[in-house]
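Here is a short walk through one protein.

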Amino acid sequence: MILDSRLAALRSNFTLAHCKAVHFCSLTPKQSEDVRCWRNHPEISKYMYSQEPIPIQAHQNFIKGLQHSTTRSYWAVFDDKCGIGIMSLVRINFVHAFAFLGLYLNPECFGTGSGTKILELLEFVSFEKLKLHSLRLEVFEHNKRAIAFYERNGFIHEGCLHDYAWVNNAFHNILIMGKIHA
């Protein structure tokens, strides 16, 4: 019964303070297209494993695949004014109570504190609603801005995957960072 409620939460919408997380399967067509455009923006895609633009049909197929997933969930996050970014949990493991997080901003929201709002909402969903014990993330070693952001928010360095990602004709190190729920 407890697992059933946590699985249902994976496709739920959540609100914390002035932010609302809307599950990708609940987005309007316009919101879904906005999300795709954010992900394809050069300032976002340059920090992704796959930097190729995501076509509309691939994006729609990805969202359909989330409808019954028990190991991953994606939400668009909105504040009082507009969409501010994306949060996700992947590789969710309820037995060992962990997941890997993903977060990126609407490029128009850089420098507005939106990343902190999204991370607070993501931690609320992860720790309070899904009852996870820990969160992990992967970040390119050269993404100093993201690393500093996660450090400021209590994530610690847990390891390095050396020459892990082949991007732009070169191998790159990926840092693993994590946070345990207090």
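The protein has 6 helices and 8 strands. This is a predicted model. Along the sequence, the elements run α-β-β-α-α-α-β-β-β-α-β-α-β-β.

Now take the overall size. The C-alpha trace spans about 45 × 40 × 30 Å along its principal axes. A compact globule of 182 residues would have a radius of gyration near 16 Å, and the protein agrees, because its own value is 16 Å. Among contacts with a separation of 6 or more, 59% join residues 24 or more positions apart.

Next, the surface and the inside. Of the 182 residues, 46% count as buried. In soluble globular proteins, nonpolar side chains tend to be buried together.

Which residues touch the most other members of the largest nonpolar core? They are Met87, Leu89, Leu101 and Tyr150, in a core of 36 residues. Helix H5, residues 114–129, gives this core its largest share, 6 residues. A second, separate core has 16 residues, including Trp38, Leu66, Tyr74 and Phe78.

Look at Met87 first. Beyond its neighbours within four places in sequence, Met87 is in contact with residues that include Ala21, Tyr74, Trp75, Ile118, Leu121 and Val125.

Trp38, from the second core, lies in helix H2, residues 29–40. Is Trp38 buried or exposed? Its relative accessibility is 10%, so Trp38 counts as buried, the cut-off being under 20%. Leaving aside neighbours within four places in sequence, the contacts of Trp38 include Ile44, Gly83, Ile86, Tyr104 and Pro107. Trp38 and Pro107 are 69 residues apart along the chain, yet their C-alpha atoms are separated by 6.4 Å.

Aromatic rings come next. The count comes to 9 aromatic pairs. One of them joins Phe149 and Tyr150 edge-to-face, at 5.1 Å centre to centre and with 70 degrees between the planes. Both partners are inside: Phe149 is buried at 12% relative accessibility, and Tyr150 is buried at 7%. Elsewhere, ring pairs link Phe24, Phe62 and Tyr74 into a cluster.

Finally, look for charges over rings. The charged end of Arg91 sits over the ring of Phe100, 3.8 Å from its centre. Arg145 lies over the face of Phe110, at 5.3 Å from the ring centre.

Notes:
Residues numbered from 1 in each chain as written. Predicted model: local features only at pLDDT ≥ 70, side-chain atom pairs only at ≥ 80, totals over all residues. Heavy atoms only, no water. Core = buried A, V, L, I, M, F, W, Y, C linked by side-chain atoms within 4.5 Å. Buried < 20%, exposed > 50% of the residue type's maximum accessible area, 1.4 Å probe, protein only. Helix = DSSP H or I, 4+ residues; strand = E, 2+ residues; numbered from the N terminus. Contact = heavy atoms within 4.5 Å. Phe/Tyr/Trp six-rings, centres within 6.5 Å; stacked < 30°, edge-to-face > 60°. Lys NZ or Arg CZ within 6 Å of the ring centre and 35° of its normal. Rg over C-alpha atoms; globule rule 2.2 N^0.38 Å.
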